[in-house]
Amino acid sequence: MEQICVVTTVVDARSVADVLAAAAVAGRLAACAQVGGQVDSTYWWQSAIQTTPEWTVQFKTAPDRVTALVDQLRANHPYEVPEILVTRVESGNPDYATWVHEHSRP
C-alpha cells in the first residue's frame, strides 16, 4: 500500500474554506480538497473559553508535497494560530494513491 497525507485545517467562514481548497488544488499542492459542513468548536483563546462555528477543510496530497502545502496554508490562513494537522495514511486503493501523487505535482 502506498502512503498519502491528509492535511486538515478549520476556518471561520465557508468562503475562506473554499478559497483555501481551490488555491491548493489549482497550485497542485493537493490532488483534492474537501470542505466539510459547519461544526461548533470550543477552545481556549485569550484567557477565555470561546465557541465558534467553523468549517473543516481536508486536503489529500503526496508526502513530499506536505511542506509546501502547509507553508501555503500558514501564509494564507486568517487565524493567528491556525490548526494544521498532518496525518500520514496508507491508501487501501493503490490507484487512488497513484492519482493523488500524479495530481499533486506542478
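Q: How do I read a sheet, and in what order do the four strands lie here?
A: Start with the terms: helices (H or I, at least four residues) and strands (E, at least two) are DSSP runs, numbered from the N terminus. Two strands pair if DSSP finds at least two bridges between them. In this structure, four strands make an open sheet with antiparallel pairing, in the order β2-β3-β1-β4. Its edge strands, each pairing on one side only, are β2 (32–45) and β4 (84–90).

Q: What kind of model am I looking at, and how are its residues numbered?
A: This is a predicted model, in which local features need pLDDT of at least 70 and side-chain atom pairs count only at pLDDT 80 or more, while totals for chains, interfaces and linings use all residues. Residues are numbered from 1 along each chain as its sequence is written, and side-chain values use heavy atoms, with hydrogens and water left out.

Q: How many bridges join β1 to β4, and how many does the pair β2 and β3 have?
A: Strand β1 (residues 3–11) and β4 run antiparallel and are joined by seven bridges. You can look for Val6, whose bridge partner in β4 is Thr87. β2 and β3 are also antiparallel, with 12 bridges. In that pair, Val35 stands opposite Val57 of β3.

Q: Where is Gln46, and what is its phi?
A: Gln46 sits in the loop between β2 and β3. The hairpin of these strands has two residues between them. Phi of Gln46 is near 55°, a positive value in a residue other than glycine. Ser47 is in the loop between β2 and β3 too, and Ser47 has a positive phi of about 65° although it is not a glycine.

Q: Are Gln46 and Ser47 buried or exposed?
A: Buried means under 20% relative accessible area, exposed over 50%, and partly exposed in between (1.4 Å probe, protein chains only). Gln46 is exposed, with a relative accessible area of 64%. Ser47 is exposed as well, at 74%.

Q: How do I read a pocket, and which residues lie nearest the centre of the largest pocket?
A: On a 1 Å grid over the protein atoms alone, a pocket is an open set of points with protein on both sides within 12 Å along at least five of seven lines, unlike a cavity, where a 1.4 Å probe fits but cannot get out; lining residues have an atom within 4 Å of a point. The largest pocket here is lined by 13 residues, and Tyr43, Trp45, Glu54, Tyr79 and Val81 lie nearest its centre. β2 gives the most to this lining, with four residues.

Q: How much space lies in the largest pocket?
A: Grid points are joined across faces, edges and corners, and a volume is the space filled by probe spheres set on the points. For the largest pocket, that space is about 310 Å³.

Q: Where is Trp99, and which residues does Trp99 touch?
A: Trp99 belongs to helix α3 and counts as partly exposed, at 32% relative accessibility. Not counting residues up to four places away in sequence, Trp99 touches Ala31 and Cys32. The C-alpha atoms of Trp99 and Thr61 are separated by 9.7 Å, although these residues are 38 apart along the chain.

Q: Which residues is His103 in contact with?
A: Leaving aside neighbours within four places in sequence, His103 is in contact with Arg28, Ala30 and Ala31. His103 lies in the segment after α3 and is partly exposed, with a relative accessible area of 28%. His103 and Thr61 are 42 residues apart in sequence and 8.3 Å apart in space, C-alpha to C-alpha.

Methods. Contact means heavy atoms within 4.5 Å.
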